Amino acid sequence: TDGGDDAGNAPTGTDDGTYLVYTYNRSDESNDDANTTITVEYGSGLTGWTTAEHGTAGVIITVTDSSPFDVVEVKIPKALAVGAKLFARLNVLIAP
């Protein structure tokens, strides 16, 4: 974020002991836009990312419908970490 952003809307990552919990806000507009793809990716390094998919490799994705943003929580099992390292990132692609 920068000085003009609302830091309260920035994604967060927490450790609940079993999962890396990555939480972000998503607008209905971006969710409904066919040209916008929003995914969370994870990995044990900063290359070779894996897309988090609900029900795959123990990943749990929960969406709480809210206004003005939905809250998306992605739980990635810490057991997927290699060398005790696990990273997550938000990947947003907007097609022309």
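Asp-32 lies in helix 1, residues 28-32 (helices are DSSP runs of H or I with at least four residues, strands are E runs of at least two, both numbered from the N terminus). This is a predicted model: local features need pLDDT of at least 70, side-chain atom pairs count only at pLDDT 80 or more, and totals for chains, interfaces and linings use all residues. Residues are numbered from 1 along each chain as its sequence is written, and side-chain values use heavy atoms, with hydrogens and water left out.

**Surface charge**
- Asp-32 is exposed, at 61% relative accessible area (buried is under 20%, exposed over 50%, partly exposed in between, with a 1.4 Å probe and protein chains only).

**Salt bridges**
- The whole structure holds four salt bridges (a side-chain nitrogen of Lys or Arg within 4 Å of a carboxyl oxygen of Asp or Glu).
- One of them pairs Lys-75 with Asp-16, with the closest N and O atoms 3.8 Å apart.
- Lys-75 sits in strand 6 and Asp-16 in the loop between strand 1 and strand 2, 59 residues apart.
- Asp-16 is partly exposed, at 42%.

**Pairs with buried partners**
- Arg-26 meets Asp-70 in a salt bridge, 3.5 Å from N to O.
- Arg-26 is in strand 2 and Asp-70 in strand 6, so the pair ties together parts 44 residues apart in sequence.
- Arg-26 counts as buried at 13%, and Asp-70 counts as buried at 4%.
- Glu-41 and Arg-89 form a salt bridge at 2.7 Å, N to O.
- Glu-41 is buried at 9%, whereas Arg-89 is partly exposed at 34%.
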